[in-house]
Amino acid sequence: ASAVLYSLLQTAKANDREPYAWLRFVLERLPLAKTVDEIEALLPWNVHDQDLAMNLAASE
């Protein structure tokens with residue numbers, strides 16, 4: 001489990017995403033994803049910085 005989490009965080013970093021913001025974004029939306037396309041949209045290279053910023057701002 002630790003290796004999976006570490007791999008996800010490193011992938012986010014490699015795609016210039018802030019790891020905490022991206023992981024929080026994904027964990028909030030993953031239960032709602034019903035198709036492969038919806039899941040693929042959550043990958044770090046498909047998520048935009050604006051989406052992450054709005055998600056963090058909304059949670060404050």
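D16 is exposed, with a relative accessible area of 64%; exposed means over 50%, buried under 20%, and partly exposed in between, with a 1.4 Å probe and protein chains only. This is a predicted model in which local features need pLDDT of at least 70 and side-chain atom pairs count only at pLDDT 80 or more, whereas totals for chains, interfaces and linings use all residues. Residues are numbered from 1 along each chain as its sequence is written, and side-chain values use heavy atoms, with hydrogens and water left out.

To return to D16, this residue sits in the loop between helix 1 and helix 2. Helices here are DSSP runs of H or I with at least four residues, numbered from the N terminus. Most residues other than glycine have a negative phi. D16, a residue other than glycine, has a positive phi near 55°.

I turn now to the core. Which residues make up the largest nonpolar core? They are A12, A21, W22, L23, F25, V26, L42, V47 and L52, 9 residues in all. Such a core is a set of buried Ala, Val, Leu, Ile, Met, Phe, Trp, Tyr and Cys residues joined through side-chain atoms within 4.5 Å. Helix 2, residues 19-29, supplies the largest share, 5 residues. Residues up to four places away in sequence aside, L52 touches R17, A21, W22, F25 and V47, where contact means heavy atoms within 4.5 Å.

Next, the helix packing. The axes of helix 2 and helix 4, residues 49-59, come within 9 Å and cross at roughly 75°. The two helices are therefore roughly perpendicular to each other, a term for angles of 65 to 115 degrees. Helix 2 contributes Y20, A21, W22, R24, F25, E28 and R29 to the contact, and helix 4 contributes D51, L52, N55, L56 and S59. These residues divide into 6 nonpolar, 2 polar and 4 charged.

Finally, E38 lies in helix 3, residues 36-40. At 37% relative accessibility, E38 counts as partly exposed. Beyond its neighbours within four places in sequence, E38 is in contact with L32 and A33.

Technical notes: Axes fitted to C-alpha atoms, helices over the stretch in contact; angles between N-to-C directions. Parallel < 35°, antiparallel > 145°, perpendicular 65-115°, else oblique. Nonpolar A, V, L, I, M, F, W, Y, C, P; charged D, E, K, R; others polar.
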